[in-house]
Amino acid sequence: MPVQTTTSGSLPRTQALIDANRARTFEDDGFTLRRSPEVDALTAEAVADVVERQREAGITLVGDGEFGKAMTGAVDYGAWWGYSFQRVGGLSLTEVNAFNEPPVESSPGDVRLTSFLNRRDRQRFPAVYAEAVEMGAGATAFPSTTGPLVYRGQDAVASDIQNLTAALRPGEQGFLTAIAPGSAARVRNEYYASDEEHIFAWADALREEYKAIVDAGLIVQLDDPSLAENFDQITPEPSIADYQAFTQIRIDAINHAIAGLPKEQVRLHLCWGSWHGPHTTDIELRDILPVVLNANVGSISFEAGNVRHEHEWDVWADASASGALPGDLVLVPGVVSHATNVVEHPDLVAQRIRRFTGIVGEDRVIASTDCGLGGRIHPDIAWAKLASLGEGARRA
């Protein structure tokens, strides 16, 4: 039987869906998109189509393409995050937010995130980021936390669940993505006494979404690029020990949020951010993996197919050989990449897959994409990559 295949979530939206979301208006708070029966019906139809297209490409563990997370442009790196603003109360638009706040300096033993525009990779390559790194536009402005966080997305997650389950065949498994607490908490905090309190408030709020997905029989993928990506957003560069302690708080928040949920239905997505920049300030996997492995999840999705991190497959081999890798953990390596327009040859995909099946066996590997393909590369290239993924899995 071929190795199983999946995606890391986001797939290209149809132009009709993009246009329909762009035409939506906001509630009085200025950032909550109004729902309509027309957009809901269009989304359900688009999900049914994208699930079938995944099957045709050879994807065996399908998702909804994140179509319930609004995109209003063809290029959008933030829909996986911005959707949470629609589902959590306690947020409001403020004059200073996560994207225009002033830079923050860290010191030994006191690690804090600086502003998004003060990232170290950006500072190292200012001309590149100004001229060649397209970020697109989000569907909504970024709010700040200004009150107690509470989940208000019951209808929205129920719609996501309904759209995906209606598209599944009898006995077919599916997954939905949801933002992890640590990534969600990177909005500006103007209410909670500490960053840790803020993160755990997000964990308490988002647990309701995770539980709803799992209770529906689906896998929930917790999107948490912050675990690795935060390293680039700390200036000056912190010590590895300080960063590991900083990151452990985020892992603790995940474990708090998923306590009691069946581990085999929880997947963690780890990446270094999907923007198309140099990424020279990414933390090494070997420095972050010991902390990430403390997450009580059944599988981990991670970048293994782009030129900055492909070589790190041997870190997983070392972890397995040392006994650090849990014996029941399923690896979900990205073997086609969001970071290049070149479509991977199926034989290369097969080689990448065999690296990991050689470590943990075929039954504990699900081949995937590095990160979301929707909003990051041209739709035609995205679907060609998925076809190569499916064929590569058959050849592996």
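Let's start inside the protein: its largest nonpolar core has 100 residues, and Trp202, Tyr210, Leu222 and Trp316 have the most contacts within it. Such a core is a set of buried Ala, Val, Leu, Ile, Met, Phe, Trp, Tyr and Cys residues joined through side-chain atoms within 4.5 Å, where buried means under 20% relative accessible area (1.4 Å probe, protein chains only). Helix H8 (residues 195-215) gives the largest share of this core, 9 residues; helices are DSSP runs of H or I with at least four residues, strands are runs of E with at least two, and both are numbered from the N terminus. A second, separate core of 6 residues includes Phe175, Val330, Val332 and Ile366.

This is a predicted model, in which local features need pLDDT of at least 70, side-chain atom pairs count only at pLDDT 80 or more, and totals for chains, interfaces and linings use all residues. Residues are numbered from 1 along each chain as its sequence is written, and side-chain values use heavy atoms, leaving out hydrogens and water.

Now for the rings. The whole structure holds 12 aromatic pairs, meaning Phe, Tyr or Trp rings (for Trp, the six-membered one) with centres within 6.5 Å; planes under 30 degrees apart count as stacked, over 60 as edge-to-face and the rest as tilted. Phe302 and Trp316 are stacked, 4.3 Å centre to centre with 25 degrees between the planes. Phe302 belongs to strand S8 (residues 299-303) and Trp316 to helix H12 (residues 313-322), so their pair ties together parts 14 residues apart in sequence. Phe302 is buried at 2% relative accessible area, and Trp316 is buried at 1%.

Terms used:
Buried < 20%, exposed > 50% of the residue type's maximum accessible area, 1.4 Å probe, protein only.
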